[in-house]
Amino acid sequence: MQETLNYINENKQRFVDELFELLRIPSISADPAYKNDVLKCADVVAEFLKNAGADHVEVCQTKGYPIVYGDKILDANLPTVLVYGHYDVQPADPLELWTKPPFEPYIEKTELHPDGAIFARGSADDKGQFFMHLKAFEAMMKTNALPCNVKFILEGEEEVGSVSLGDWVNENKEKLSCDCILISDTHIYSNEQPTVTTGLRGLSYVEVEIEGPNRDLHSGLYGGAVPNPIHVLSRMIAKLIDEDGHITIDGFYDNVETVSDADRADMNKLKDNPEEFKKSIGLNGVEGEKGYTTLERTSIRPTLDCNGIWGGYTGEGAKTVIPSKASAKISMRLVPYQTPEEITGKFTKYFEKIAPENVKVKVTPHHGGMPYVLPTDTKEFLAAKQAMETAFGKEVLPYRGGGSIPITAMFEQVLGAKSVLMGFGLDSDAIHSPNEHYGLFNFYKGIESIPLFFENYSK
C-alpha cells in the first residue's frame, strides 16, 4: 500500500490537470442546449476509465444520457465493489455571481482551504469526487495493489433525478452484481473532524397551484371583493408549520424513526455550534423544530420548505392585477420510515383540506426518494471508518446527512448491496451555487483513503 500512496503523491499535479480537463466541459443535464457537452463528457470519462486500467469500458445508451461502465475482475471468488458517480452538473446560473467563469477552473486559497481549492461548477458535485476513484484505481493498478474486483457506473442524469438509471440497473443486474457500493457524493463534517455519512433523508417534491377568478382582474375594480390566489396560497403555506417548527400535516410524523438517546448523544459529539452555523450563512439566528439541536434538525428530523413561489405580474414597472393563479414548489425531506408516496398523499389531502371553498387547488407530485441508513456495525462502515482514520490520522465519527441520494435505496433493493457514502467535500463548498469549489486537501485525502477502503473491505 505504501507504493500506491507514493504513486499518488508523485502524480498529484497531473491528477489535478486531468480533472481540469473534465471541469471545462459544461455537462449540464437540465438544459437541452448542452446536450452535446453532456455526451462529450461521457466519452471523456470513458477514456479516463480506460487509461486508468479498466476493462470492458462502454458508453451505455439509455432513454436519456448515457451511463459509462467499466470493470476490473481479478477473480470471481474475491469481493466486488461497485463505484458510483455522476458526470453531469447543475446549471451555473446566476452567472454574474461567479468570480470567474464557471467552466474555467482555477485554484485559489481560502480561509477553510489554506492549501487551495479548485473553483468550477462540478468541482465538488460530483466530478472532483468521482474522479478521486478513477485516480485511486489507477494508482492501485499501476502498483499492482488492487485487492478485489471493481466495477464503475458513472451516470449523466443525477442532477435531473437519475431518470434512466433505475431501468438500466434493473436491466443489468447480473453485470452489476456486487458486494457493496462505494459513493463519494457527500461531505465530511470538517477537515478537523472527518466523518462517514451513515444516513440520508428521502424526498417528496410537489408543485401546488391555487386558482381563483377565471382571468386576471383589475385590482381597482375587484380588489377587496374576490379571493387573491397569492394571498390564499401564502396563508396556506404559513399553516403548514406551527410556531414550534412542527409540521401540521395530518399523520406526517406517524412513521418517523425514533432515534435513541444514545445515538443522539453520539451525533452531538460533532459539537453543534450555532454561532459558527449562523456565521457561515450570514444569519443572526436559527430556527426549527423545538426540542432538537441544529445537527438533529438537519439530519434525523423531517422538514418542509417552500422552494419557490410565483403569481401575478413580476415584470418591470407596475401592473395592477389580481392574478388568476398562484403557484409554489414545496419539498419535504423524509427520514426512516417515511416514504415519498405516503407523504405526498398526506400532503395533498391536507393541502386540499385547508383551502377555502372559493378557490381551486391542484397538487402535482414531482420526483421523490427513499431515506437511507447504513448501520455503524457493518463491515462496509468499519472499512470506510478505518480507511479515513489512517488517511486523516484522526478519529472518524458517523454522520447523518440532510440531503437525498435516492439511488442508494434503489441499489439496495435491486442489487441487494449496501452503499458506503464516503464523501470528502465540505458543506461550505457551495455546490449548486455560484463559486462552487473543492479543497485540494480533500481531493488528495479522498484519493489516499479509497485504496485503504479497498484493502480493509477485502480483508
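Let me start with Phe-392, which in this predicted model counts as buried, at 10% relative accessibility. The ring of Phe-392 pairs edge-to-face with the ring of Phe-441, with 5.9 Å from centre to centre and 75° between the planes. Phe-441, for its part, counts as partly exposed, at 29% relative accessibility.

Staying with rings, the aromatic pairs number 13 in total. One of them is formed by Phe-48 and Phe-131, again edge-to-face, with 5.1 Å between the centres and an angle of 80° between the planes. This pair, too, links distant parts of the chain: Phe-48 is in helix α3, residues 35-52, while Phe-131 is in helix α4, residues 127-142, and the two are 83 residues apart. Are these two residues buried or exposed? Phe-48 is buried, with a relative accessible area of 8%, and Phe-131 is buried with a value of 0%. Elsewhere, the charged end of Lys-100 is placed over the ring of Tyr-106, 4.3 Å from the centre of that ring.

Let me turn now to the salt bridges, of which there are 19. As a general point, side chains of opposite charge can pair when their charged atoms come close. Among the salt bridges is the one between Asp-250 and Lys-353, at 2.7 Å from N to O. Asp-250 lies in the loop between α7 and α8, and Lys-353 lies in helix α11, residues 340-353, so this pair ties together parts that are 103 residues apart in sequence. Asp-250 is partly exposed, with a relative accessible area of 43%, whereas Lys-353 is exposed, at 53%.

Two further bridges deserve a mention. Asp-266, which counts as partly exposed at 37% relative accessibility, forms a salt bridge with Lys-269, with 3.3 Å between the closest N and O atoms. Glu-412, partly exposed at 30%, is bridged to Lys-418, where the closest N and O atoms are 3.2 Å apart. Finally, Arg-14, Glu-18, Lys-135 and Glu-138 are linked in a network of salt bridges.

Definitions and conventions
Residues numbered from 1 in each chain as written. Predicted model: local features only at pLDDT ≥ 70, side-chain atom pairs only at ≥ 80, totals over all residues. Heavy atoms only, no water. Phe/Tyr/Trp six-rings, centres within 6.5 Å; stacked < 30°, edge-to-face > 60°. Helix = DSSP H or I, 4+ residues; strand = E, 2+ residues; numbered from the N terminus. Buried < 20%, exposed > 50% of the residue type's maximum accessible area, 1.4 Å probe, protein only. Lys NZ or Arg CZ within 6 Å of the ring centre and 35° of its normal. Salt bridge = Lys/Arg side-chain N within 4 Å of Asp/Glu carboxyl O.
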